[in-house]
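Visitor: Could you take me through this structure? I would like to ask about its parts as we go.

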Amino acid sequence: MIRLEELAKFIPPYQKIADIGCDHGLLIKKAFSYGITFAQAIDNKEGPLEAAKKNLGGFCDAVEFSLSDGLSNLSNKVEVIILAGLGADLAIKILDQSKEKLKLIKRMIIQVNKNPDKIREYSKNIAFKIVSEKIIFERKHFYEIIVFEPGERDLRPEEILFGPCLLQKKDTLFIQKWKEEYLKIKDWHQKKNIQKKEFIENYVLKGEKNAN
Ligand SMILES: C[S@@+](CC[C@H](N)C(=O)[O-])C[C@H]1O[C@@H](n2cnc3c(N)ncnc32)[C@H](O)[C@@H]1O
């Protein structure tokens, strides 16, 4: 469970979290080994919340379980919200529905299953800036974890696609991910793919060629 571990690592120094779409509750379980003292486990379906209650049985005093939609019932104790394993559109909808609640939040840790660029693009609407990013690979999938804190940061189009911190670092997984994405582009003439192709060639493949 590299993904859950890597998500939990971004919680400190904060100690009070909410996991939106907590499902099995395993991220919260992991978060206890990173020093949290309070967690709100939020899910809008009974089945997942029941599974979370079972998995978090040993931490009952420190966990509040909420059967609710997105951030609608967010506790005002919460410092860090985590949205992981959701679709980008759903994550954006959840944030957009509760902009007021975000004003109390010190950090957001977001990992969507596809199109993390949509989250980066959206973040300017809620005045959150990217402070850290990490790319991970688990069970044949690349995942991008994006950490936001209140503030402003202008992002260039290529930073929205690749992630400003990931682009700066260009680690091995990053290069691997974008080489694979490049091979997956089938329709080279579609407008969104023209720019993507150009960016991958300029920011990923060109550097590779120079390095060889
Ligand atoms: C794919 S699971 C992700 C589980 C976990 N966060 C992870 O990263 O492994 C998505 C969970 O989000 C819940 N969910 C979907 N829409 C939601 C919403 N609007 N509010 C709260 N939970 C939601 C689903 O019921 C499901 O348990």
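Visitor: Which residue in β3 is the bridge partner of Ala-41?
Guide: The bridge partner of Ala-41 in β3 is Phe-65. The model is predicted, so local features need pLDDT of at least 70 and side-chain atom pairs count only at pLDDT 80 or more, while totals for chains, interfaces and linings use all residues. Residues are numbered from 1 along each chain as its sequence is written.

Visitor: How many bridges join β2 to β3?
Guide: Strand β2, residues 38-43, is joined to β3 by 5 bridges, and the two run parallel. Two strands pair if DSSP finds at least two bridges between them. Strands (E, at least two residues) and helices (H or I, at least four residues) are DSSP runs, numbered from the N terminus.

Visitor: In what order do the strands of the sheet come?
Guide: The open sheet has 7 strands in the order β3-β2-β1-β4-β5-β7-β6, with mixed pairing. β3 (63-67) and β6 (128-138) stand at the edges with a single partner strand each, so one side of each has no neighbour in the sheet. From one strand to the next, the twist averages 15°. Angles run from 0 to 180 degrees between N-to-C directions, and axes are lines fitted to C-alpha atoms, for helices over the stretch in contact.

Visitor: What holds strands together in general?
Guide: Strands of a sheet pair through backbone hydrogen bonds, either parallel or antiparallel.

Visitor: Back to this one. Why is β1 described as largely enclosed?
Guide: 4 of the 5 residues of β1 are buried, so β1 is largely enclosed by the rest of the structure. A residue is buried if 20 or more other C-beta atoms lie within 10 Å of its own, exposed if 12 or fewer, and partly exposed in between, with C-beta atoms placed from the backbone.

Visitor: And which way do β1 and β2 run, parallel or antiparallel?
Guide: β1 and β2 run parallel and are joined by 5 bridges. Ile-20 stands opposite Ile-42 in β2. β1 is also joined to β4, by 4 bridges, and these two run parallel. In β4, Ile-82 is the bridge partner of Asp-19.

Visitor: What about β4 itself, and how many of its residues are buried?
Guide: In β4, 5 of the 7 residues are buried, so this strand too is largely enclosed by the rest of the structure. β4 pairs with β5 in the parallel sense over 6 bridges, and Leu-83 has Ile-110 as its bridge partner in β5.

Visitor: Changing topic: which residues of α4 are buried?
Guide: In helix α4, residues 88-97, the buried ones are Ala-88, Ala-91, Ile-92, Ile-94 and Leu-95. They cover an arc of only 160° around the axis, which puts them on the same side of α4. The arc is that of the directions from the helix axis to the C-beta atoms.

Visitor: What covers them?
Guide: The cover includes β1 (16-20), β4 (80-86), α5 (99-102), β5 and α6.

Visitor: Now the ligand. Which residues come nearest?
Guide: Gly-21, Asp-23, Pro-48, Ala-84 and Gly-85 come nearest, of the 17 residues around the ligand. A residue counts as near if its C-beta atom, placed from the backbone, lies within 6 Å of the molecule or strand in question. The elements giving two or more residues to this shell are β2, β4 and α4. β4 gives the most, with 3 residues.

Visitor: Last one: where does Cys-22 lie?
Guide: Cys-22 lies in the loop between β1 and α2. Cys-22 is buried, with 27 other C-beta atoms within 10 Å.

Technical notes: Contact = placed C-beta atoms within 7 Å.
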